[in-house]
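Morning, everyone. I'll keep this short. Please have the viewer open.

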Amino acid sequence: MDHMKTAKEMLQTVPRSRIGFFPTPLHRLNNISNDLGVNLYIKRDDMTGVNLFGGNKVRKLEFLIGYAKEHGYDTVFTFGATQSNHAMETASMCNAQGLKSILYLVDLTEQKEERPKANLLLDMILGAEVHIIPANGREEAEADLEAEELCRKQVEQMEKEGHKCFVIPEGGANYIGSTGFINGYAEMLEQMEQLNEKPDYIFHATGTGGTLAGLAAGRALLESDASIYSVTVSPKELSHLEKVANIANESLRYIGSDKTVLPSDMHYELSYYGEGYEKPTKEATEAIQYLARKEGIIVDPVYTGKAFSGMLDCIRSGKIPQGSTVVFWHTGGATGIFAEPEIVGEIWK
Ligand SMILES: Cc1ncc(COP(=O)(O)O)c(C=O)c1O
């Protein structure tokens, strides 16, 4: 059976707003491959468009916004931290599709900046309606609950006024968004095939798990035997993989597949986030400089730098055998380089 053909046909049965630039490039990192003794490729989802900054969210949002348009929604709500890439990309893509975007953002940095920086600055330029919820020393989860409650009230009010409101969870992490990464997996596999290559390992940064869910679903759908290594950028329990598997299976059902993903189909790398989300690590700083100085490619301190440092450690420690074909999935996040000093760390030194 031609799995690729079937997958493509299934993906065409669900709504999608084609806003990003696909396929993104995939190319070999020759200098680092020579250095480390593996055959290393990079999937450039930092180049998905739609604005200057790209990233993995564009894949998810094509399907989420496609769904919203198909069902007649006029307003999109979503959540994140003040430096959320997802929220910023949501604002961009809503603008492109004539939808209003409303962002509920938790401020974890407790900084009093003179003017907004990085993604928050972009949210303002893009003209999104932004509501900031200061964490005020609370746990992030507690502030998130407040954001959800405020959003719920605004949705209620706007619906009374006749609007149709579509609420996207943090990171776009649900079965609709993850479908974007089933498509991404097929795209990557096809590109590797054209190069007469087959991936043994895929590394990427994981937060909410939506990207991982889509990759795992794509892997199952295409019967690929690559191992997916997901480097967590914040503390996570292994049990989170059950939630990820559920999203993956819902995405598969959404496109009409009866394939199944199990938590054991994924590998969580839990030891590379340092002190936590948005807290820089020495290893990620070194990894950012190594990739920049060897290949001229930039990764960010919050997500992709930590994932790259995790991958380097797995290769150098022999966990990934020499000679393996590895794909590093660059999920974007470029604006993190320009965020508050507490988030950026000392990447210039
Ligand atoms: C640049 C970047 N990489 C990786 C991730 C992780 O993706 P996910 O939330 O789907 O796990 C995110 C978003 O959270 C991101 O912005």
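Ground rules. This is a predicted model, where local features need pLDDT of at least 70, side-chain atom pairs count only at pLDDT 80 or more, and totals for chains, interfaces and linings use all residues. Residues are numbered from 1 along each chain as its sequence is written, and side-chain values use heavy atoms, with hydrogens and water left out.

Helices. Two packed helices are described by the angle between their axes and the distance between the axes. Our pair is α4, residues 85-96, and α5, residues 118-126. Helices here are DSSP runs of H or I, at least four residues, and strands are runs of E, at least two, numbered from the N terminus. The angle is about 20°, and the axes sit 9 Å apart. Axes are lines fitted to C-alpha atoms, for helices over the stretch in contact, and angles run from 0 to 180 degrees between N-to-C directions. So α4 and α5 are roughly parallel (angles under 35 degrees).

Who meets whom? From α4, we have Asn85, Ala87, Met88, Ala91, Ser92 and Asn95. From α5, Asn119, Leu122, Asp123 and Leu126. Contact means heavy atoms within 4.5 Å. By class, that contact has five nonpolar, four polar and one charged residues. Nonpolar is Ala, Val, Leu, Ile, Met, Phe, Trp, Tyr, Cys and Pro; charged is Asp, Glu, Lys and Arg; the others, Gly among them, are polar.

Next, cysteines. How many disulfides? The count is zero, taking a disulfide as a pair of cysteine sulfur atoms within 2.5 Å. Look at Cys151: the nearest cysteine sulfur belongs to Cys165, 8.2 Å away. Cys151 is buried, at 2% relative accessible area. Buried means under 20% (1.4 Å probe, protein chains only), exposed over 50%, partly exposed in between. Cys314 is buried too, at 1%.

Now Phe79. Phe79 lies in strand β3, residues 75-81. Buried or exposed? Buried, with 12% relative accessible area. Setting aside residues up to four places away in sequence, Phe79 touches a list of residues that includes Cys151, Tyr104, Val167 and Ile168. Tyr67 is 12 residues from Phe79 in sequence, and 18 Å away C-alpha to C-alpha.

Last one, Asn56. Asn56 is in the loop between β2 (39-44) and α3 (57-70). Asn56 still counts as buried, at 9%. Beyond neighbours within four places in sequence, Asn56 is in contact with Asp45, Phe181, Thr211 and Thr331.

That's my set. Over to you.

How values were computed: Parallel < 35°, antiparallel > 145°, perpendicular 65-115°, else oblique.
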